[in-house]
Structures are given as structure tokens and as C-alpha cells.
Amino acid sequence: MRFLSVADRELRSAARHKATYRTRWITAALFFALLVWLLWAFGGFSNKRVLTDIFKVYSVLALLYCLFIGTARTADCIGVERREGTLGLLFLTNLNSAEIIAGKLCSTALASVYGLLAIFPILALPLLMGGITFAHFARTVLGLLNGILFALAAGFLASVLCKRQFIAVALA
């Protein structure tokens, strides 16, 4: 048996869903509209000095996206298996617990990670406009990736601890 075969199957299955494509497209469209509004509100089209402020506000909003969407997406991935009674069936297979956990985490985290990856090119527009340096942009991207991984882990921990969905989302 291949290592992490459940994760591979779950990722392939989740990548084919229309909701995954729609989530990525809607996230990119909303964040692009948000960036255009921020550029208009701060006067970033004519004043290049405010691009750093726009980048900071935009980065904070992207971090909030990571924290809320990441925890909300993974807060019920194990709890639903326990409520339906299928978690025990997964352990009856010849899979170990790490493969089951990795498969469930990968399948529920895919849409939120795709949404974050759709934000990165839009986040680079202040870099292309000359407002920030590449090092600042790279540190922000790494921070956002770290933020989404933390949010996914927090949501997954809440899913393991709580059986009911609302309590798991609130705890996450």
C-alpha cells in the first residue's frame, strides 16, 4: 500500500468538485474588488506612498480570511465521521491512523488553501506598482501560509475534541 493513499484519493476527489473551482474564483474576485476599493479609498492610483499602507491592510484582511475560513472548513471533519458512525469503519481497514487523519485534513483543507493561493497574485499588485519590496512580499506570503496552516490545525483539533458541529466551530 502506498503512503498516504487516502490523502491522495481525497485530494483527487475534492479537486474535481465544482465547489472547489467556485470557491477559488469567488475568493479571487472578492479580494480583487477589495484591492481596487482600497486603492480608490486611499488614493493609491495617484500616490505611490500609500501603497505600503494598502498592502498592510490587505495583508491583515487576507490573514483574517485564513483564520476564519481555515478553522471553519476543518472544524467538523472528524466530528461528522463520529456522528455518522463511520470513523470506526475507517480504522477497520488496513490504514493506520496517520493516513486517515492526513486524508481527512487534506480533503477539507483543499478549498481554503486554493482560495489563499488565488489571493497571492492579487497581493503582488502593490509590489508591481512599486510600493513594497520583494522581501516584504515574500515574508507576507510565508506568514499567510503559516496562518492558514495554524487555522487548519486549530479547526482540526476542535473537530477531534467536539462531536457536535456548532460547538466545534465555536471552539475553533
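Trainee: Which residues in α8 are buried?
Mentor: First off, keep in mind that this is a predicted model. The buried residues in α8 include Phe137, Val141, Leu144, Ile148, Leu152 and Phe156. Gly147, Gly155 and Ser159 are also among them.

Trainee: And what do the buried residues of α8 pack against?
Mentor: They pack against α3, α4 (79–84), α6 (97–123), α7 (125–128) and α9 (165–171).

Trainee: What span should α8 have?
Mentor: Helix α8 covers residues 134–161, so at 1.5 Å a residue its 28 residues should span 40 Å. The end C-alpha atoms are 41 Å apart, which agrees.

Trainee: Switching to α2: how far does that helix reach from its first C-alpha to its last?
Mentor: Helix α2, residues 18–42, reaches 36 Å with its 25 residues, close to the 36 Å expected. Its buried residues include Phe31, Leu35, Leu38 and Leu39, along with Thr20 and Thr27.

Trainee: What follows α2?
Mentor: Gly43, and its phi is positive, near 75°.

Trainee: Take Leu63, then. Why does it count as partly exposed?
Mentor: Leu63 lies in helix α3. Leu63 counts as partly exposed because its relative accessibility is 34%, and that label covers values between the buried cut-off of under 20% and the exposed one of over 50%.

Definitions and conventions. Residues are numbered from 1 along each chain as its sequence is written. This is a predicted model: local features need pLDDT of at least 70, side-chain atom pairs count only at pLDDT 80 or more; totals for chains, interfaces and linings use all residues. Side-chain values use heavy atoms; hydrogens and water are left out. Helices (H or I, at least four residues) and strands (E, at least two) are DSSP runs, numbered from the N terminus. Buried means under 20% relative accessible area, exposed over 50%, partly exposed in between (1.4 Å probe, protein chains only). The expected span of a helix is 1.5 Å times one less than its number of residues. Contact means heavy atoms within 4.5 Å.
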